[in-house]
Amino acid sequence: MSVISIYSYPDPSLRKKSNELTLPLPGKDYAIEFINVMRKANGIGLASRQVGDDRPFIAVTRNPEKGNDEVEFAINPRILKVSRDLQIQEEGCLSLPGIWGLVRRPEEVYVSFTTLDGSKKKIRAQGLEAACWLHEIDHLEGVLFIDRAFKITRGVDLVSSFHGFKL
Ligand SMILES: [Zn+2]
């Protein structure tokens, strides 16, 4: 039985900020379960805030539009650089079921993080994967995509805090 469950908006956990994680790192079994919870919910990303865990970590699927199922488990992720070119993706969130919106974000991103074995890693992501990294890192700051969406496309009646066209 799964001990991890996804919290739904407006749970206060989603608005908390995560602190920098020193030790101990999440264990491998925990990470595998976290990723499984994300996959079972048909998500391509998940952040610790969404399961009520104060430690800063996220899971992100690499190249999701290619049907890839390789997932990066990233502890203390940091945005190193973003492109000036922007993209618009229709985003959803496992913590905001039924709500979708258009979000403008950088087209490309470089992120550094700590892996499960404690080593440092850097990745470069583009397109939907870049949006996913930025979406999940936002979660660690208590920021939701509805805060950045310039248009809610589906489920607008479910979003009490959406003031519309906020860039
Ligand atoms: Zn989300």
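Two strands are taken to pair if DSSP finds at least two bridges between them, and the elements themselves are DSSP runs numbered from the N terminus, with helices (H or I) of at least four residues and strands (E) of at least two. By this criterion, β3 and β6 pair in the antiparallel sense over five bridges, and I79 has V111 in β6 as its bridge partner. The model is a predicted one, in which local features need pLDDT of at least 70 and side-chain atom pairs count only at pLDDT 80 or more, whereas totals for chains, interfaces and linings use all residues. Residues are numbered from 1 along each chain as its sequence is written.

The pairing of β3 with β6 belongs to an open sheet of five strands, which has the order β1-β2-β3-β6-β7 and antiparallel pairing. Because β1 (45–47) and β7 (120–126) stand at the edges with a single partner strand each, one side of each is left without a neighbour in the sheet. From one strand to the next, the twist averages 40°; for such angles, which run from 0 to 180 degrees between N-to-C directions, axes are lines fitted to C-alpha atoms, for helices over the stretch in contact. In general, strands of a sheet pair through backbone hydrogen bonds, in either a parallel or an antiparallel manner.

Strand β6 (residues 108–114) is joined to β7 by seven bridges, and these two strands run antiparallel; T114 has K120 in β7 as its bridge partner. The two strands form a hairpin with five residues between them, and G118 in the turn has a positive phi of about 90°. Helix α2 (residues 127–140) packs on this sheet, where it touches β1, β2 (57–61), β3 (71–82), β6 and β7, and its direction makes about 165° with that of β2. Contact here requires that the C-beta atoms of two residues, placed from the backbone, lie within 7 Å.

Strand β5 (residues 100–106) pairs with β8 in the antiparallel sense over three bridges, and W100 stands opposite R154 in β8.
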